[in-house]
Amino acid sequence: PDMSIIEHVWDYLDRRVRTRTPLPRNCTELWEALVEEWGRVEEKYITKLYESMPERIKALLDAKGGHTKY
């Protein structure tokens, strides 16, 4: 199971960058796009992920280390 909330942030950034027009064409443009999109991540999104940790941990314990919805 993926308990790391940063993975959700990376997924969010990936989706945001892939919707850009035009798409980044090289590493420099990709870096610039990531920095720009990172700056647009709303604090409430990060807070929501952070606050979900107790629920994530409980789900993992309930699943005895198996798969969870996260």
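Which residues in α3 meet which residues in α4? Leu49, Tyr50 and Glu51 in α3 meet Met53, Pro54 and Arg56 in α4, where contact means heavy atoms within 4.5 Å. This is a predicted model, in which local features need pLDDT of at least 70, side-chain atom pairs count only at pLDDT 80 or more, and totals for chains, interfaces and linings use all residues. Residues are numbered from 1 along each chain as its sequence is written, and side-chain values use heavy atoms, with hydrogens and water left out.

**α3 with α4**
- Helix α4 covers residues 53-62, and its axis lies 5 Å from that of α3 at an angle of about 35°.
- Four nonpolar, no polar and two charged residues make up this contact (Ala, Val, Leu, Ile, Met, Phe, Trp, Tyr, Cys and Pro count as nonpolar, Asp, Glu, Lys and Arg as charged, and the others, Gly among them, as polar).

**α1 with α3**
- Helix α1 (residues 5-18) and helix α3 (residues 43-51) have axes that come within 9 Å and cross at roughly 150°.
- The two helices are therefore roughly antiparallel to each other (angles over 145 degrees count as such).
- On the α1 side, the contact is made by Ile5, His8, Val9 and Tyr12, and on the α3 side by Tyr45, Ile46, Leu49 and Tyr50.
- Seven of these residues are nonpolar, one is polar and none is charged.

**Confidence**
- The protein has an average pLDDT (the predictor's confidence in each residue, from 0 to 100) of 90, and 96% of the residues score at least 70.
- Confidence is highest in helix α2 (residues 27-40), at a mean of 97, and lowest in α4, at 87.

How values were computed. Axes fitted to C-alpha atoms, helices over the stretch in contact; angles between N-to-C directions. Helix = DSSP H or I, 4+ residues; strand = E, 2+ residues; numbered from the N terminus. Parallel < 35°, antiparallel > 145°, perpendicular 65-115°, else oblique.
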